[in-house]
Amino acid sequence: MKNSLLLVLFCLSVQISNSQKLYFPKSNYSDSLNFSKNLTLLAKKIIPIYANADKATYLDNYARINFIAQDYTTMKKTMRTYTQEILGDSIANKPFGFHYRTYANAISKNPKTKAEFDKYYTSEFKTLYDSYNDEGKNWVESYYSFELSDIKKQYETKRNECQANDSITLENAALLCKTYSRYVVYSKSLAPAKEIIAKIEAEKYIIDNNIIITLPNGSTISGSMVRNRNITEPQPVVMQYNIYAGREIADCKEIANMGYVGFVANTRGKRLSNDPIEPYEHDGDDAYYILDWISKQPWCNGKIGIYGGSYLGFSQWSAVKKVHPALKTIVPLVSVGAGIDFPMQNGIFMSYALRWIHFVANNKLTDLNDFQNNKKWDDVFTQYYKNGSSFRSLDKIEGNPSPLFQRWLDHPTYDSYWQNMTPQKEAFANINIPILSTTGYYDDDQIGAMYYYNQYHKYNKSDNYYLIIGPFDHGGSQGYPKKELGGYTLDEVATIPINSIIFEWFNYTLKDGKRPEILKDKVNFEIMGKNEWKSVPSLDKMHNQEITFYLDNANSKYSLQKTAPKKPIAINQTVDFKDRSEISIYQDDSVSGFPRVIDSILRTEKQLLIFESDALTENTIISGSIKAALKININKKDLDIELQLYEKTADGHYFALTNNIQRASLAKDRTKRQLLTPNKTETIELNQNYIVSKQLQKGSKIVIALGANKNPNWEVNYGSGKNVSDETMADAAKPLKIKWYTNSSITIPILKQ
């Protein structure tokens, strides 16, 4: 149950602005003792007033603030509330915050020396650790896979940012408490924890973290292997093919604890490999040789499965360009579609791509400190946007020119550069192994995940592909769905144990076990608002009816009408690209580009027109992907279209459903840009849209937000017809004039039960 004190504090504090400033003079940073003492006083001051609209962020930060205030009892209660309300109060989630709780328990015994602290800490660690199952123990061990230098650098970055002024915002105070608390915990406990874990590993596992696989061309791949010491016969191998180097042993141990040999192959150039780091480019060529090497090891019984999410989903699809005989299944989760939805989505490059490049390519592991420096990246994206600089100059604005970034921009269509990374066309027909895939209605890579799904079904007739899709974000779809997402509390049945289902699948495909219970048919989806999973044989069976709406502007009010107009008229819109008064940058707690899933107001950008339907006369299930055929006439050669779908409830709240963008010149063919003819009426079909399934309540209205995409999160298409990444504010001499014709149609898929 929700802690009543936290609830009261939350309800009171949401009225306080996180931008309010508190006096915290520069002198407080003069030395470590002075800083620690004054930050504790600051933490005590902000406890009653701290607020954040996102419940997960609020509880996470509130726990760290209480840690700094040395109120360990409230800290532990807050972490327990976090697991109950955000993660779900299951056995698997009980280790959450283990490193903080064990530290708090040890320090509360008032140790007088480091040796005494280590003694108390070791006792508390073992007592709590022994209470968990294997999955929980692996989670605990993963907490200590970091390096203290990285944690210290992250804290110092935030401290240096804050100490420039004699005041601090409420949110920065919370983040300073968060980064400093991590540093305090790890500076005292990381060393003894690693000693404990090293003893556990020596007793339980055989570990090899220094494997080098040499490829025929002389390049090298870094590998890590963990297997159970008590199992001597060969086993099936479950592996990850991972660019995010640094946590290989923790990942391998999780696999070993599930009854397999755990193996992680880092992509070329990462960790022990001295090759250049070139994401996406070589994975498909290298995979066959990696799998071949594994299959010949004495601990492998000839059966290999691969799993992982995001980039690791992409790397699995690259691995089946040529299927190795030992590869028996893949489990691609939230798969990046290289050239499809990253680094550009439907033809539009995203600013985040540069941030990600630095994350994975700055060093042999990952540069988490740079990646998490929100202020730096917000400033870079803001400067690019406000100044009207070319998107191509983004790396120069950041101050670290990136050949990778420039190379990507040189391939703005889905050309051979991107196509060579994954199977194409008939190559999908050669994928003769079972596949389990996951994605979410709010997964940023849903379009990529569904691209592979659709290509497989277009060319492969074996139909051995299972899909799970539900109300999950990018992270939740990879293993542990959150109970709450942007203000929306998921239906009880939606919080499924995806990570456990993955290993049930491996038992099914690698050990002749039983197929996971949730996979009753090939497509398995949860209907939001109905608290129900439904299983159907194919994607098109997610719906059995359609409602088509047409744009309308009767009485100067934008609306959606079910009847096509007898005589189409134009709805005129002007977008001034020189106007940079509105700056909207995606935040860490954004949900698929939405600030919130449920909100009391509609937080769209001003260049989007809002069309609203009549109230629904009965409960209606939207299920599937919307389609649009937009009749438009513009005065330029191109346009980036943004389309959002909402439910407006009877009480006036907005429930965000889907959010997508599309470059008009690539709508017909993503491989070839076809510019529009200025002042000519054309039809732009939007078919690469997000899937969603939700029961809308009687009295709700369907809302469409439609317009030109223009914000710092993406390259700005000025419509000159030049390579968009080279365009600047100089190409915005004339405002974009759009005529949206009322015979434009938007088709909504409906499931009638």
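Two strands count as paired in these legends if DSSP finds at least two bridges between them. Helices (H or I, at least four residues) and strands (E, at least two) are DSSP runs, numbered from the N terminus. This is a predicted model, where local features need pLDDT of at least 70, side-chain atom pairs count only at pLDDT 80 or more, and totals for chains, interfaces and linings use all residues. Residues are numbered from 1 along each chain as its sequence is written, and side-chain values use heavy atoms, with hydrogens and water left out.

**View 1. The whole protein, before zooming in.**
The protein has 20 helices and 30 strands. Its C-alpha trace spans about 85 × 65 × 50 Å along the principal axes. Of the 753 residues, 59% are buried, meaning under 20% relative accessible area, with exposed over 50% and partly exposed in between (1.4 Å probe, protein chains only). Take the contacts (heavy atoms within 4.5 Å) between residues at least 6 apart in sequence: 75% of them join residues at least 24 apart.

**View 2. Surface and charges.**
The accessible surface comes to about 29600 Å², and carbon and sulfur atoms hold 49% of that; areas come from the Shrake-Rupley method with a 1.4 Å probe. There are 91 positive and 83 negative charges, and their mean positions sit 2 Å apart. Lys and Arg count as positive and Asp and Glu as negative, while His and the chain ends are not counted. Each charge is placed at NZ of Lys, CZ of Arg, CG of Asp or CD of Glu.

**View 3. Strand β23 and its partners.**
β23 covers residues 627–634, and six of its eight residues are buried, so the strand is largely enclosed by the rest of the structure. Its pairing with β26 (residues 682–686) is antiparallel and runs over five bridges; look for alanine 628 bridging to leucine 686 in β26. β30 (residues 745–751) also pairs with β23 in the antiparallel sense, over three bridges, and here serine 745 is the bridge partner of alanine 629. Then there's β29 (residues 736–741), again antiparallel to β23, with three bridges. In that pairing, isoleucine 634 meets isoleucine 738 of β29.

**View 4. Helix α12, under cover.**
α12 takes in residues 311–319 and is mostly covered, with nine of its nine residues buried. The buried set runs Tyr311, Leu312, Gly313, Phe314, Ser315, Gln316, Trp317, Ser318 and Ala319.

**View 5. A cis peptide bond at proline 343.**
The bond from phenylalanine 342 to proline 343 is cis, with omega near 0°. You'll find proline 343 in the loop between β8 (327–333) and β9 (344–345).

**View 6. Asparagine 110, with positive phi.**
Asparagine 110 isn't a glycine, yet its phi is positive, at about 55°. The residue belongs to the loop between α5 (98–107) and α6 (114–129). With a relative accessible area of 51%, asparagine 110 counts as exposed.

**View 7. Arginine 271, with positive phi.**
Arginine 271 is another non-glycine residue with a positive phi, of about 55°. Its loop links β6 (261–266) and α11 (283–295). Arginine 271 counts as buried, because its relative accessibility is 13%.
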